[in-house]
Amino acid sequence: MNFDYTQIFDYALLLMMLAVGVAVIRLRNLFAVVMLTGVYSLLSAAWFVSLDALDVGFTEAAVGAGISTVLLLAAMLLTARECAPVKPGRHWAALVVTVAAGLALFYALPDMPEYGAVESPANSGVGMDYMMRTADDIQIPNVVTAVLGSYRGFDTMGEVFVVFAAGVGVALLLTLTGGRRREEDE
Amino acid sequence: MAALILEIVIDVVSAALMLTGAGFVLAGAIGMLRLPDFYTRLHAAGVTDTLGAEMIVIGLMLQTGWSLDTVKLALLGLFVFLTSPTATHATANAAYKAGLKPVLTRFRPRGGDGEGGAS
Amino acid sequence: MAPHLILRVVAKLLIPLILVFGFYVHFHAKYAPGGAFQAGVILAAAVILYALIFGVDAAKKAVPPWAVRVAMAMGAFIFAAVGFVSIAMGANFLDYTPFHPNEALARGQYIGIVVVEIGVLMTVTAVIIAIFYAFAGRSPEITEEEW
Amino acid sequence: MIMAAVDFAVAAMLLAGMALILARLFVGPTLYDRVLAVNAFGTKTVLFLVCFALMVGETAAIDIALLYALVNFIATIAILKFFRYRSLEVALSQMALRRALDREDD
């Protein structure tokens, strides 16, 4: 088969993600770090799209790049704006981990199947089985929705309960109406 | 025959629009990097982004024919057209109100010491 | 002139569009990528934009905190209840087949997924709005001089 | 086929622009430079996603671009509001009034 052009995008996006990761470690200003994590999520969303993982990219763009920036900022209201000085040793450890993980991804990238390849691991084995069966079992065109809603419904229920637990936890810790203001109002 | 010519014309127009738009976007990116201070960078980011983005989106709309994707691209163009200048405006407004001074030294070689520098 | 006029006008234009797009993502998940998780985040984003521009108090009038709390619990409840209903109808937990009399058509699966996704949508939207209310409703404890 | 090549070229140019803006994001002397860079970066990524979607014919990715175009705006507004008022709570229209009153107290 001929050369897969989307791999050029994979390399470029990974390179940018590596740069953002290193910059997040180096920067001390928490504003900048929050912004850079948003950019990182955005880059990974674009990378997921470039890997033909549209659903993951969709979730990443919605949750990671968008809302988590706002929520992190809201959380920063209650903390300081500069991170505390870190011992240089721990700094270097984080840098080593980031660079090593990035290089491992680069090493693995040439072995990726071609964009949309029929014989890729995701499209053979169990995945192919779901593809074949969904048309008869569920009769919904989108296999991902069928898997999440029906085949793995129990798993999705667990996820919903985790989200619910997170909401309850925040509501218990900070009170839903926002602590001190309640006393002023009532 | 006429349909074929129409197709070629649409392709050529689309390619020209997209490449010009990408050129604008790239020029804006270079300007973001090279221009000296925040207020000049606003021009590079805000102005070229709107024009370049709209040209690329319109060029892509010509490629999709007439389908749901065309409508989605039109909506995307509308969103970018609304949000990008608004965000740029908000950024500029916030920077101005926070007291960020433009760099004026280049134009006043003598006695421009006090104004220079973004805090 | 009112301050931030441009922002408020653009936000008023955008918020309905964001809501419509959220529901599109939710209901078009039958054909395209998307689904209740993403749609919930988008709907919550519309409320958050409203709260950012017009204030959390105005947003709390539009989407009151008690409704957020109820929706948060109701979503999880709907999901679990669907599972127990399918047990009561003689199938396994969260097996949607008996929801429609004609089991060969798999309409039961369709009905089950739609109901379950509504539950996911409610929980995700409500939890994100709740987290935003909880954090943003607090005034900062940093004095003006510090920055 | 030719249009796919054009899409590829445009997407590659957008990636180059993204890389340049990333440099400004790292360097950016003030926080406002960074906000501007994040916003421009988001716009460029949206365009990249659309070009990529049409290049490979996976038009469902347009939804992602549409979503991010909306969400990017919200994040930018939140960051700016946070910089300026150190609060996400109060309405923007009341902020100016409140600050003016604070000034008079001083």
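Chain A and chain C bury about 4,400 Å² between them, with 73% of that area on carbon and sulfur atoms. The model is a predicted one, and the values that follow are computed from it.

**Interface of chain A and chain C**

- The contact draws 46 residues from chain A and 50 residues from chain C.
- Across the interface of chain A and chain C there are seven residue pairs in polar contact, both residues of each pair being at pLDDT 80 or more, whereas the count of salt bridges between chain A and chain C is zero.
- On the side of chain A that touches chain C, the elements giving two or more residues are helix H3 (54–76), helix H5 (126–137), helix H6 (143–151), helix H7 (153–174) and helix H8 (180–185) of chain A.
- The largest share of that side of chain A comes from H7(A), which gives 13 residues.

- Over all chains, the count comes to 16 aromatic pairs.
- One of these is formed by Phe9(A) and Phe8(D), whose rings lie 5.3 Å apart centre to centre with 35° between the planes, an arrangement that counts as tilted.
- The pair joins two chains, because Phe9(A) lies in helix H1 (residues 6–26) of chain A, while Phe8(D) lies in helix H1 (residues 2–27) of chain D.
- Phe9(A) counts as buried, since its relative accessibility is 1%, where the cut-off for buried is under 20%.
- Phe9(A) and Phe8(D) also belong to one aromatic cluster, which they form together with Tyr115(A), Phe48(D) and Phe52(D).

**Aromatic pair within chain C**

- Phe23(C) and Phe27(C) form a stacked aromatic pair, with 6.4 Å centre to centre and 20° between the planes.
- These two residues are separated by about one helical turn, because Phe23(C) and Phe27(C) stand four residues apart in helix H1 (residues 5–27) of chain C.
- Phe23(C) counts as partly exposed, at 38% relative accessibility, whereas Phe27(C) is exposed, with a relative accessible area of 57%; the cut-off for exposed is over 50%.

**Charge over a ring in chain C**

- Lys60(C) lies over the face of Tyr133(C), at 5.5 Å from the ring centre.

Methods:
Residues numbered from 1 in each chain as written. Chains lettered and ligands numbered in written order. Predicted model: local features only at pLDDT ≥ 70, side-chain atom pairs only at ≥ 80, totals over all residues. Heavy atoms only, no water. Phe/Tyr/Trp six-rings, centres within 6.5 Å; stacked < 30°, edge-to-face > 60°. Buried < 20%, exposed > 50% of the residue type's maximum accessible area, 1.4 Å probe, protein only. Lys NZ or Arg CZ within 6 Å of the ring centre and 35° of its normal. Contact = heavy atoms within 4.5 Å. Buried area = accessible area lost by both parts, 1.4 Å probe. Salt bridge = Lys/Arg side-chain N within 4 Å of Asp/Glu carboxyl O. Polar contact = N/O pair within 3.5 Å; in protein donor to acceptor, adjacent residues only side chain to side chain.
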